[in-house]
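Good morning, colleagues. Please bring up the sequence and the model, and keep both in view while I speak.

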Amino acid sequence: MSLARALVVTIQAVCNHLACTPPNPTPQKGRYHTDEPWILQIAPSIFKCHLIILWMCAGFECLLYISTLYPALPPSLSPFTPLLCPATFISTPQPPNLHLTALAFIGFLAVLLGTYIRLDCFRTLGHLFTFDLTIHPQHKLITARFYGYVRHPAYTGSLLLVAGIAFSHLTHGGWLTECGPLRPRGTAGILWGVWWIWTLAVGVSRAYAEDRQMRKLFQDEWDAYAANVPWWFFPGIL
């Protein structure tokens, strides 16, 4: 267990909290794309759940690190460790192997980048940015900042968040895989695959809907913008 790991997962939780908190309430009128499949409509609830899980992981990892600071007891006998990491104490007592790996640090950088992109989108769109797809009375086409590189950069940020969380929490050295419910080998990989496919499906579904709506509203202006910025999420890829 390391201080670096505890700091990284805590910063990640803060970043995800900022990136996944709606900057504006959804107006009562103007919503569209309300007929998408239920499994995609639950995106706001999924974001709330993953925030809870991230804060829980950060809390457990910080407490496990604090438990190693007891000068009179070795880590394996700390009074908190068996409660916070029971999986490693089922057979022979041993301290949990929580540490900051290179892959986890890459995930940390992905989360920082994803958070920066989403917060920048919040600022760029201002009152136009809502988590539900809506049309405002004074709606306008935004092409500045990250919107000059891809048409849906907020979803780019979301995909980076999911990738970063997976690298940091669903790989060797994290609480979920060393102490928690994802300790069985292969479980984390399956979860990440399902989570990534679902997040991508939400982004693609919304990108199609937003493109159709913007084309109706702005017509020639939209066609020119789409021709100049042909990519949804990642330039040259998708």
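A word on the basis of the discussion. This is a predicted model, in which local features need pLDDT of at least 70 and side-chain atom pairs count only at pLDDT 80 or more, while totals for chains, interfaces and linings use all residues. Residues are numbered from 1 along each chain as its sequence is written, and side-chain values use heavy atoms, with hydrogens and water left out.

I begin with the fold. The chain contains nine helices and zero strands, where helices (H or I, at least four residues) and strands (E, at least two) are DSSP runs numbered from the N terminus. Of its 238 residues, 48% are buried; buried means under 20% relative accessible area, exposed over 50%, and partly exposed in between, with a 1.4 Å probe and protein chains only. Taking contacts (heavy atoms within 4.5 Å) between residues at least 6 apart in sequence, 78% join residues at least 24 apart.

Let me turn to the salt bridges, of which the structure holds six. The term denotes a side-chain nitrogen of Lys or Arg within 4 Å of a carboxyl oxygen of Asp or Glu. One of them pairs arginine 31 with aspartate 132, at 3.6 Å from N to O. Arginine 31 lies in the loop between H1 and H2, and aspartate 132 in the loop between helix H5 (102-125) and helix H6 (153-169), so this pair ties together parts that are 101 residues apart in sequence. Aspartate 132 is buried at 19% relative accessibility, whereas arginine 31, at 44%, is partly exposed.

A further salt bridge joins arginine 145 to aspartate 120, at 2.8 Å from N to O. Here the loop between H5 and H6 is tied to helix H5 itself, because arginine 145 lies in that loop and aspartate 120 in the helix, 25 residues apart in sequence. Aspartate 120 is buried, with a relative accessible area of 3%; arginine 145 counts as partly exposed at 48%.

Arginine 215 also forms a salt bridge, with aspartate 223, and their closest N and O atoms are 3.7 Å apart. Shared partners, moreover, link Asp120, Arg123 and Arg145 into one network of salt bridges.

Next, the pockets. On a 1 Å grid over the protein atoms alone, a pocket is an open set of points where a 1.4 Å probe fits, with protein on both sides within 12 Å along at least five of seven lines; lining residues have an atom within 4 Å of a point. The largest pocket holds about 350 Å³ of space. It has 17 lining residues, and the closest to its centre are Ile46, His50, Ile53, Leu191 and Trp195. Which helix gives the most to this lining? It is H3, with six residues.

Finally, the backbone. Most residues other than glycine have a negative phi. Histidine 33, in the loop between helix H1 (3-19) and helix H2 (38-41), has a positive phi of about 60°, and this histidine is buried at 16% relative accessibility. Glutamine 219 likewise has a positive phi, near 50°, and lies between helix H8 (187-218) and helix H9 (220-228).

Conventions:
Grid points are joined across faces, edges and corners, and a volume is the space filled by probe spheres set on the points.
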